[in-house]
Amino acid sequence: MTGVNRLDAPVGLLIDRTQQINFRFEGQDYQGFKGDSIASALCANDRWVISRSFKYHRPRGVLTMAGYDSNTLVQLDHEPNVHADKMMLSEGLNVLGQNYSGSLDQDRRSWLGHLSAFLPVGFYYKAFYKPRGAWRLWSSLIRNYAGLGKVSLATTQEYSDKSYAFCDVAVIGGGCAGLRAAIQAANQGAEVTLIDENTALGGALCYARTNSAESESKEIRQTLLAKVAEQENILVLTNAVANGIYSDNWVAVIHGRRLVKLRAKAIVVATGAMEQPAVFRNNDLPGVMMGSAAQRLIRLYGVRPGRSAVVFTSNNFGYGVALDLLECGTTVEAVVDTRENPTNSLTPLLKEYDVKLVTGANVIAGISTPKGDHVMGVEVVAQNRPLTEAFRISCDLLCVSTGFVPSSQLLSHVGANVAYDRSLATFAVSDIPSGIFAAGSVLNRHNLRTVGDDGTYAGSAAATFAGYKAAGNIQPPDPPDAAEYNHRSPIFEHPSGREFVDFDEDLEVHDLRDAVSDGYEQIELLKRYSTLGMGPSQGRHSSLPGVLIASESTGRDPSILGRTTVRPPYTGVKFGTLAGRSFEPVRLSPMHYRHLEAGAKMMPAGLWMRPAYYGSGNRDSIIREEALSVRNGVGLIDVSTLGGLEIRGPDSVEFLNRMYTFSYAKQQVGRSRYVLMTDRSGVIVDDGVACRLSDNHFYVTATTSGVQGVYQEMLWYNAQWQLSVDVTNVTAAWCGVNIAGPLSRDVIKALTNVDVSSSSFPYMAVREGFIADIPARFMRVGFVGELGFEIHVPSTYGEALWDVLMDAGKAIGITPFGVEAQRLLRLEKGHIIIGQDTDGLTHPYEADMAWAISRKKPYFVGSRSIEIQAKRSTARKLVGFVMPDADKDSVPEECQLVVRDGDISGRVTSAAFSPILEKVIGLAYVEFDQAKVENTFTIKFADGRFGIAHVTALPFFDPEGKRQEV
Amino acid sequence: MKIMNCPLNGPRNISEFIFGGEVINEPDPTACSDEDWANYVFIENNTAGVVQEWWFHVATAFWFIAERDTRTDEIICTYSPKRVHDKQEERGV
Amino acid sequence: MTDLDPAMHIRRSPIYRKLLEIGACFVETESGVVATRTSETATIEAEQARHLGLSDLTLCPRAGYKGWAAIDWARELGIIIGEQNNRTYSQSDSTRVVRLSDNEFLIPGELSGSSPAIDMLSSARRLEGVYSVPRADNNCRFVICGNQTPAMVAKLCGVDLRVHRFHEGNVAQTSVARLNAIIIRSDFRDVPAYELIADIASAGYMWNCLMDAMSEFGGCIVGTSALCVLKGT
């Protein structure tokens, strides 16, 4: 038994009566069918209160049955704020309402509704802030009461992904207009992707009644679906939401857990129109719904929407609703038509059923049950008659058909103008940009034939735009006919209020009037002050009445008032959908796994992973031990991440001279030389070493994180200079190690064909040869200030190189060392780290790098700026310092402040406890007059202590460089 | 997602590119005034209109020029930098 | 399965550990140790590859040259390179040469371990304006083949790679899973096949992305023997 309100087969396009589904709602067990939404199954079971409203906790039920409203947002175990009228049932689903304390039916906070006099529009701007500090108390209380659903922290991550798609014509909306557009475009030869957010194509054809013969919609739908299926070049995506249109016809389509990024040459927007609620007292009661909602319940789900109904209408659709209700066994107590003399083909049919027809009258109030949880009647009064003449009609269902607003959001995304149109009594779209086309009720056409012709016209125009011309001429459709369907202003203010304009925010007519009298006349300000349209429905129902009320209150024409800006997304989107697979590239050295096997703690260096240090235990002592092993024996470090550039060609020297500050014309083949790069403004941006392998070939290194930028800049400059030079980024092609320490020569000498003796391979020399059959480039550079060899080999040999060296050095205790030990060793030698000891403004004079600037070159990048800087006094200097009174447990951290007379006068950029010197050393920026050697300055530690630092000449260790030059 | 028509690779998503600033002739750094030099380094023209711009296609390390209307963000045309260089040579830069 | 252990050779693919994990079987070629099979028989693997397969060809020979004279120099030496960029040009011995730009071409390499064209160019006299690019070590090389290939790469790449838009021999230099990559369409007879040449340091990351994208379609890792079956060689 799946519901007392379930209609007999065959009605119910979406449900499969052979498959029963069990679910729970508010702790009670229910059954529905496969294909039911949560809401339709609950309605079938006569369960009408599904959630409560945000502010006043009013009981709410279905309104649109299309997900346009947010009256039935429900809570699932792992997802809050789910539209009950869209979410399909699944076996075992556990559903709860939202916005209550206690239970949905016995909400302990429903008394909030009685406080409405104390919660006027914008109340949080006017109260809760006095006395001083009161807000902190109020805010936690209000937080408890506010908010919609709850996020479960136990939710497991879903698998979401993305894909790219392409088509000639994207048709968004698979109703009559969209189907006709897709078919026409495909006939003209275009590749079409047809997107619809529902499970079944057809749009209103699935549920609306277009004439007295109930079957017309059905037949048209079958015919169109068959034509779509025949066409090989139409790809259909159902349960797919086009959530935004972006530049150059890029459409974000959410399809299940996949975000499809669709590029279309042309787009047809056929998203339809949304039936609008009328504004009258208690228009939010469960049992008050759109006429189309009742038809959706009947035709999509086979659910009778009520036992005795009143239809409140301003157009002929309402009569179709009345007939539908009668045919499914609902008593229609009356059709209340706002029009004085409505004429349509369905009126005589009503007479046959003996339905009372009240013309020229309005429903001005819903009457609620004593519990306030359902409608039990309506008050009706003739136009322009006083309320005292209102009369009651009993009912448990009120269907409203008083007008439409186009679903124009996607068109707003691309910059179309949407404004109130007096002649159509609703919003109308204009100024649609090139490449985008629209059709159907989104352009305020409702007559079925007109809608279809509009679809064909737009589909043809879109295909033509995409390069597929039509065979003949396609007739433009008839003009918009929405005036026949829209009430001018279905807003019926009531002395007792509760005529809701915005259901999400519980805003009544007087709230908007009050906001205007508070001074918020501008539509964007009115929105933000009153929160009109800021709830989950995003103004789908509140925009139009909001504009009409504001117009009336301000005396300004609604078309001048305009509308608030509409931006993507069209519906809510999960973070997981936007993240997709979270592609986060990572670069690994070929020796990476050897580091892991040796127990390295890895750290990110840009996109690369590098070993920080090896082993578990006290981090600082491990690092100091590694450093001492290098100074006293031999260490091995993986330097594969270092940038590498081949600079080749007849203009190589000229190119290096222009890109770097130093001079390279006289650099000998087989020697290396420091490179320092400044940018146009004279700021230091990178450094490295240039190895001259032949007259016209330099192998230049760069920093790990800087090489990509250096490479880009080099190419940019040469695109203008057009020198005969080639720059190739070989960072990944060459991996390398640096084997450093007094015993380093002993490890490698037997492995290589290169003579590594001091006389044959002096400091700063470069050699090419082999090491254990691996082709290699060898360099002796400063690095950590010990005898050492930097060995670069092609990457595919990297792991083998590491193995060979570790094996050869095992007997004398070779130790792998990581980035942290390297930093410590280099700090002992006073080497600066670009980006750590330099910042976005550091120029060479501040960092004592004037020695790296050639005076003999006419030009290098930044030379003019450096000249200008040299003429000025330098405000700050980077200096070396020691802290004689500090021990290894009080090492200042990077960016700790240098203070002077209570003010900041600089900062620490690097600091460490040097095991070989047994004191705290570091680099810091100080004011220029503090920079003299032997001067002292004060450093402030994180815990507020102060320490004294002494300015020291660099380098701290082995100032004559004897150890590295043996 | 905007489309950029790369002279080497054809139309591609703009996420494949990096913007490189306006195409500006560098004043002669050995001859211009300090003020002209500072303007060149730090001040943007911020033109509302069609601007000649450097763009870089990251995957191919290819620099090219695009002419873009900064008011509408419409990319008018794209071409290889050789055209600019040849024009500069003609002017004796 | 033979005992050839890729870790005993001095040249190693960044993917060798992942291949060992799935029990791949390796053979030695002139340019290094290559995974020839990932299962018992190459013919069954070939059927899987016909549906969707992924193979690591990083250690196959590969070379590249760039510079303002590079294309003319290669033509002088008998290499056929046409006028279009981003296009593959087949040589008489079926070696493919890919023209990447006016100033650069790439020889992605074939399945066998040797490449006469690569050897010839590397020993030829170099002119000014002709510079070698260390493609064998700068890049990894994977091939994705099978009928599901276009659907799979649509999850990773923003260029239209559908078979009726990206033809045999076409080349796309673009971004795949946020990495720079060169994609070359080079079918194995009637089976679509796309080669991917990307940064060797990100090979492991790229491989993981490809495996992740493949799982939806039931793709699997295949060895070079299966590819030879599909090629009919």
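How many residue pairs are in polar contact between domain 1 of chain C and domain 2 of chain C? The count is 17, with both residues of each pair at pLDDT 80 or more. This is a predicted model, and the tour below walks through that contact.

**Stop 1: the two domains.** Select 6-60 plus 136-231 of chain C; the assignment calls this domain 1. Domain 1 of chain C puts 25 residues into the contact, and domain 2 of chain C puts in 16.

**Stop 2: the buried surface.** Show the surface where the domains meet. About 1,800 Å² is buried between domain 1 and domain 2 of chain C. Carbon and sulfur atoms give 50% of that area.

**Stop 3: the salt bridge.** Select C:Glu195 and C:Arg96 and show their side chains. They form a salt bridge, with the closest N and O atoms 2.7 Å apart. Between the two domains of chain C, the count is 1 salt bridge.

**Stop 4: the domain 1 side.** Now colour the elements of domain 1 of chain C that touch domain 2. Each of these supplies at least two residues:

- helices α5 (135-138) and α8 (224-231)
- strands β9 (139-145), β10 (171-176), β11 (179-185) and β12 (193-199)

Finish on α8(C), which gives the largest share of this side, 4 residues. Then colour the domain 1 side by residue class. Its residues divide into 10 nonpolar, 10 polar and 5 charged.

Conventions:
Residues are numbered from 1 along each chain as its sequence is written. Chains are lettered from A and ligands numbered from 1 in the order in which they are written. This is a predicted model: local features need pLDDT of at least 70, side-chain atom pairs count only at pLDDT 80 or more; totals for chains, interfaces and linings use all residues. Side-chain values use heavy atoms; hydrogens and water are left out. Domain bounds come from an automatic or database domain assignment. Contact means heavy atoms within 4.5 Å. Buried area is the accessible area (1.4 Å probe) that two parts lose on being put together, summed over both. A salt bridge is a side-chain nitrogen of Lys or Arg within 4 Å of a carboxyl oxygen of Asp or Glu. A polar contact is a pair of N or O atoms within 3.5 Å; within protein, one must be able to donate a hydrogen and the other to accept it, and residues adjacent in sequence count only if both atoms are side-chain atoms. Ala, Val, Leu, Ile, Met, Phe, Trp, Tyr, Cys and Pro count as nonpolar, Asp, Glu, Lys and Arg as charged, and the others, Gly among them, as polar.
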